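Subject: Structure for you to look at

Hello,

Here is the structure I said I would pass on. Please open it first, then read my notes below with it on screen.

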Amino acid sequence: LLPLTEPSGHGSYAKTGTLPDLRILQRFIESFFDLPCKVLPYDPLLTGKGIASRSNAHGNDLQYHAKDSLRQLRIRLPLDGFCILGITMADLFDSTQSFVHSSLSVKDRAGIFSFCRLDPAWYRVSCHMDFTAMRVVEGYPTERREGDLETLLRRAHGMISHDLCHFFGMSNCQFYICRMQGSSGLHESDTNQDKVDLCPVCLRKLSWNLACGTHEAAPADLTAWCVQRYRRLLAHADKLGPVLQPYKLWLRSRLAQLDYDVMPAAAAAAATVSVANAATETAGPVDEEVEVDDPVQLTPDDRAKHEAELLRLFARHDDDGDGRMKIKEFCRLISAVDEAFSAISAMKMFEAADINKDGSVDVKEFLSWLLLPDDPGEAENRIIKRLSAESRLVRQPTTENEPNELDFLPKHL
């Protein structure tokens, strides 16, 4: 990685036009491709000779010709490098388009990436009328707002991983929702590609490039290599917190499927619907909608009774009786109430209920999640209503050997 915009000297990334921490992208590339990655010193390549530039009508900003930049980058490729990527916050253009996010030369093993238009702050332009000069004056922000850097980093992860795969001969994917799908703009990449990893077809292509062969470093088990790759990416996403939250949930769901044979969300939904239909035909119509009064509107006595019922519900699913629900116990509770929820949906609810993020839900967190939900979504409203309704019912205990489709987590969870 070769920074073409001078990094922030004091480590602050709040100002617009400053590059994010490239060490984050370095760790991501190493996890994604299982290859070492280096961050080279800053190079003022764009301001040198041989690079065409023009105004882009965004204040005093300049656009630089992407193809000219590639010709300069290829002579800077180190001898031990597979490819070199120039990273800049300046805007780019080429001969056929008014702007480009990136430009690659697979033959020269060089690419240039502009993070300029990935930054939400770049589009935040204010206008006011100057009545003295009788013209409209545009204003451009100098500081990023909260969340702008996180959005920029998420988009940068998606763009770099997608374009780097092109260096391995991988074209845009036309098979599944995949990180290698083509994109017509930021909205499309935000809603699809950035939230998932490679599909099975593209993962096979990548593994053929990186993990197959007879050389000493080639892994003996290709399946194990793919699983370890998922684990490295999940560890990286965990360190970044909410930046890669959708991608992190996808990785967790994928690992649960591989490690514990949990069906993906779509397959789980289809399976549970068919099971529910079969049960309805056997047992006859069942009134599934049970109206539950809003706990906030209950009288103090009724609220105390309702909390006691919820505590009994908690104790019924707290297998080891330690007063804390781990992921497996919580998922079993969700599955017992509504089988239509997949493992990934249950994990999302667990994260919402685990307020202090210690990996378990205690009684206080459980009651807070049910009685005082903080901006619940449609799925949470549905499960909260059914949980509250179930707390008024006496459930028959399941037999010891009865199979449970959420027995996918290890015992220590």
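A residue is called buried when its relative accessible area is under 20%, and exposed when that value is over 50%; anything in between is partly exposed. Arg154 has a relative accessible area of 18%, so it counts as buried. You will find Arg154 in helix H3, which covers residues 148-166. Beyond its neighbours within four places in sequence, Arg154 is in contact with Asp190, Asp194, Val243 and Leu244. Please keep in mind that this is a predicted model.

The whole protein

The protein has 413 residues, and 44% of them are buried. It contains 13 helices and eleven strands. Its accessible surface is about 22,500 Å², and carbon and sulfur atoms hold 53% of that. Among contacts with a separation of 6 or more, 65% are between residues 24 or more positions apart.

The open sheet

Three strands make an open sheet in the order S2-S3-S5, with mixed pairing. Strands S2 (53-55) and S5 (91-93) are at the edges and have a single partner strand each, so one side of each has no neighbour in the sheet. From one strand to the next, the twist averages 35 degrees. Strand S3 (residues 62-65) runs parallel to S5, and three bridges join them. Gln63, for example, has Asp91 in S5 as its bridge partner. Helix H2 (residues 66-73) lies across S3 and S5, at about 55 degrees to S3. As background, the strands of a sheet pair through backbone hydrogen bonds, in either a parallel or an antiparallel way.

The hairpin

For the antiparallel case, look at strand S8 (residues 126-130) and strand S9 (residues 135-139), which pair over five bridges. Asp130 has Arg135 in S9 as its bridge partner. The hairpin has four residues between the strands, and Met134 there takes a positive phi near 55 degrees.

Is Phe131, at 62% relative accessibility, buried or exposed? Phe131 counts as exposed, because 62% is over the 50% cut-off. Phe131 sits in the loop between S8 and S9. Together with Met129, Met134 and Val136, Phe131 forms a nonpolar patch on the surface, and the accessible area of the four comes to about 440 Å².

A glycine in a loop

Gly323 is in the loop between helix H9 (300-317) and strand S10 (324-325). Its relative accessible area is 28%, so Gly323 is partly exposed. Which residues is Gly323 in contact with, leaving aside its neighbours within four places in sequence? They are Phe314, Asp318, Val361, Asp362 and Val363. Gly323 and Asp362 are 39 residues apart in sequence, but their C-alpha atoms are 6.0 Å apart in space.

A covered helix

Helix H10 (residues 327-337) is mostly covered, with eight of its eleven residues buried. The buried residues of H10 are Lys328, Glu329, Phe330, Cys331, Leu333, Ile334, Ser335 and Val337.

Regards

Methods: Residues are numbered from 1 along each chain as its sequence is written. This is a predicted model: local features need pLDDT of at least 70, side-chain atom pairs count only at pLDDT 80 or more; totals for chains, interfaces and linings use all residues. Side-chain values use heavy atoms; hydrogens and water are left out. Buried means under 20% relative accessible area, exposed over 50%, partly exposed in between (1.4 Å probe, protein chains only). Helices (H or I, at least four residues) and strands (E, at least two) are DSSP runs, numbered from the N terminus. Contact means heavy atoms within 4.5 Å. Accessible areas come from the Shrake-Rupley method with a 1.4 Å probe; for residues, only the protein chains shown count as cover. Two strands pair if DSSP finds at least two bridges between them. Axes are lines fitted to C-alpha atoms, for helices over the stretch in contact, and angles run from 0 to 180 degrees between N-to-C directions. Patches are made of residues with over 30% relative accessible area and no salt bridge: like charges are joined within 9 Å, nonpolar side chains (Val, Leu, Ile, Met, Phe, Trp, Tyr) within 5 Å. A salt bridge is a side-chain nitrogen of Lys or Arg within 4 Å of a carboxyl oxygen of Asp or Glu.
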